[in-house]
Amino acid sequence: MLTMTGICALVAVSVLFFILGYFVYNGGVSINWDFFTKLPVPVGETGGGMANAIVGSAKLLLLASLIGVPVGFFGGIYLAEFSGNKVAFVVRYAADLLNGVPSIVIGIFAFALVVHPFKRFSTIAGAFALGLMMIPITLRNTEEFLHGVPRALREGSMALGAGKWTTIMRVVVPAAYRGIMTAILLALARVAGETAPLLFTALGNQYWSPGWNQPTASLPVVIYNYALSPYEDWHRQAWAAGLVLLGLILMVNIVARVILSRGIAVPRS
Amino acid sequence: MKRIAGMLVVVLALGGMVWAQSALLINGAGATFPAPIYSKWFDQYHKANGSQFNYQSVGSGAGIKQVTEGTVDFGASDGPMNDDQIKAYRTKNGAGILHFPTVLGAVVPTYNIPGVSGALNFTPEALSGIFLGRISKWNDPAIAGANKGVNLPGNDIVVIHRSDGSGTTYIWTDYLSKVNSDWKDKVGKGASVNWPVGLGGKGNEGVTGLIKQTPNAIGYVELIYAAQNKVPYGVVKNASGAFVKADLASVTEAAAAAVKTMPEDFRVSITNAPGKTAYPISSFTWLLIPEKFKDTAKRDAIKGFVKWAITDGQGDVEGLSYAKLPKEIVEKELKAINKIQ
Amino acid sequence: MATSSINVPSAGPVAGWRSFLSKLRSGDEIARLITFLFAASVVLITLLLIYELWIDSALPRHKFGLSFFFTRIWDPIAENFGALPFIYGTLVTAGVALALAVPLGIGAAIFLAELAPQKLSDPLQFFIDLLAAVPSVIYGLLGVFIVIPMMRQWIQPALKSSLGFLPLFQGPAYGVGFFTAGIVLAIMVIPYIISVSREVLLSVPRDQREAALALGSTRWESTWKIVVPFARTGIMGSIFLAMARALGETVAVSMVIGNTPTISSSLLSPGYSIAAVIANEFAEATGDMHTAALIELGLVLFLLTFILNGLARLLMLLTTQRGSGTAQA
């Protein structure tokens, strides 16, 4: 029985290494300077790169954080420091609900709210969808890490005459800083790979996307489109892009978890 | 507090960087049928002129919808908008929408049959039977009868069609409706139909990809997709009874009859055209351009592009296996461009 | 619960207003208000989402009513829409995924929680957590280029020749289909089952195990007969969680399922799922009815995941109560 369950665990873990290995093998050969700096070439021709998709994804994540992080951070502060139990329950429930919404439905919502009224596909529409997905993660984690800060710190600060807000911003939050930062990183890593919500919000773009109000290319969507195409060159580029995306997400996850495990004793997320 | 302020400054600075305005960006979406030539045209036009045309090849259905909703500046489709769709556009936008044919193309039956690398002969009965699900094996007499000497295996046929709203589907089903009354009754013509059998692929690209990877598959794609990806495609029996291969001459011949009878709005079907050497599954493909533009810069850029595409741009089309527009039609279009305001 | 600023003893509305103003002047009340607004926005946005889904699906709800769930036809031209093929595909692929992932996942969780030494268990769990972070489109890529050819060339023919008498494994070997999608989904949900089950198993109080061992059972017996049944509600919860994840999965599934609205008893048949059809058709749904029908499908999916997640949380709650209750006993 030990061996059987051990094999189960081994199979599960080896899948990860298999995936990584396959991507390194297939995608590694196509990673070159062109890939990072050039724009895509016309359909059917070979060459070109994914510079606009990489920058597009970065922009989407930046804008998504502007939406997702403040709501999650300040909302979490409210839950941990100010609220009563009933309100906290309702907010937590809503956040969990939002977390469980399938990403394609979030895409529909973002389309109805941002694309349709303003009559254009845009980076901000895609960022809105991604930001919504970040909110529950940042909210719950901020609340948990703030809860984990010992009462003594708060009481000590207030005993010294600091007001509540000062206590929160100067004492409690810095104490929970590590946990909150890693939560934000994990939230970013989670939405960085999302494709479905971007399909009809950010759409796609052959060129650079100026500003935040135009459609934009993004790594996951480009991988999706290239994988489904018949062109060998596009397949090659899809592997490379997949390697970049996978590598970045895994790296962020590893860094975040290592930081978490070394931090002050805080509850697991 | 300082930390937050610092972070805010960094964020704003980065935001400013990405804010940088560049050349005029025009967004379009639609048919995958002409995507290779559009993609090449937009690239060349950008190099010559500077304006950027971002064309998303998402299928004719999406092109029609998005241009009607106003979420893109122009659309593209190989199935012309029907009267209801044109009315819907007018209701939503207060003005009309114009069709501009850009190239002529062909839809070919492509397949992946183990052991068969040449061009098979397909009769209209065979094609409709296969796609209706009535002919299920490759060595069925309906197919074998026209292909004496070819060793067709007894394998099950895997039918592949489009999963998205497609002008290519429109052309294919338009043809099948004309040659088979059963098809017309049971399935009909349209960009998205209720397929009796088959797997769905996304875009001409997806269908070609699926065919390449699936043995015993048959599907329908625009000629250039089969040619570029070296997938064998068949010849089809036309209305005059001859088996015709899709190429520049046979597609141009299919359009010849339409030249004289071309309606004002350029919406015409040339499938199953008369003519001894006409390829029966040919079609125009159209750019869908709104009649009225709020943004004059975009309007002028689009007008300039259309003018270029139907004149100078035609020099590129044959290299990608599309046929040039007949001269008479180009002249009519140049006049029609002035309708765009 | 921390206290707010000093309360001014009040007498009557004027004094109440004055005290409010004085609280307002202190930064704390503003801070409380602002953070409250952020927290409230989460609730508002969630409500707005549900509202939008409800309102935008009004057309087909009024036209088709409940028959929407039982109609097999999906015909955009005739504007006749039925959700059955998509609900079927979503449930079948999730079912296949769970059938594959649950035994493997629980087995692995038992190993990690009970049988493996800590030094092995923690790093392995770390890798499992990383597996959970792999995005969907990566699985999609692997599905298209590895799983589909494998299915078509080896696995599906093998299933057909050995188990082909069952209606489950009949029909041509396309490579794509319900089974393929189920396999890809199984890989995606295994980490969730492992992580949650492992935590639940770890939280089973020590005295349960020790009592069993004291009575002479082997390690395995105490695990399988005492600990696992004790944790079974939590493990059920993890299964519901995994199912909810599998239901909502869009991109990986749409790349391997075949995109054909079919209901078939064969697992080798191509099919369609709710999320996949929305992804493929939403951008091009001409006609308000078509778009609204897709949104109604989105509403259905939302409700399914909502119920499953709710059940999962309930079961988790029951597990923790049980654990703490027994520990005190």
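Are B:W41 and B:W308 buried or exposed? Both are buried, that is, under 20% relative accessible area, with exposed meaning over 50% and partly exposed in between (1.4 Å probe, protein chains only).

This is a predicted model, in which local features need pLDDT of at least 70 and side-chain atom pairs count only at pLDDT 80 or more, while totals for chains, interfaces and linings use all residues. Residues are numbered from 1 along each chain as written, chains are lettered from A in the order written, and side-chain values use heavy atoms, without hydrogens and water.

Select B:W41 and B:W308 first. They form an edge-to-face aromatic pair, 6.4 Å centre to centre with 75° between the planes; rings of Phe, Tyr and Trp (its six-membered ring) pair if their centres lie within 6.5 Å, and planes under 30 degrees apart count as stacked, over 60 as edge-to-face and the rest as tilted. Next, select B:F42 and B:Y55, a tilted pair at 5.9 Å and 40°. Both of these residues are buried as well. The two pairs belong to one aromatic cluster, whose members include B:Y38, B:Y45 and B:F305.

Now display chain A against chain B. The contact (heavy atoms within 4.5 Å) takes 31 residues from chain A and 38 residues from chain B. In chain A, select A:K119, A:Y207 and A:P230, which lose the most area to chain B, together 20% of what that side buries; buried area is the accessible area (1.4 Å probe) that two parts lose on being put together, summed over both. Between the two chains, this area is about 3000 Å², with carbon and sulfur atoms giving 59%.
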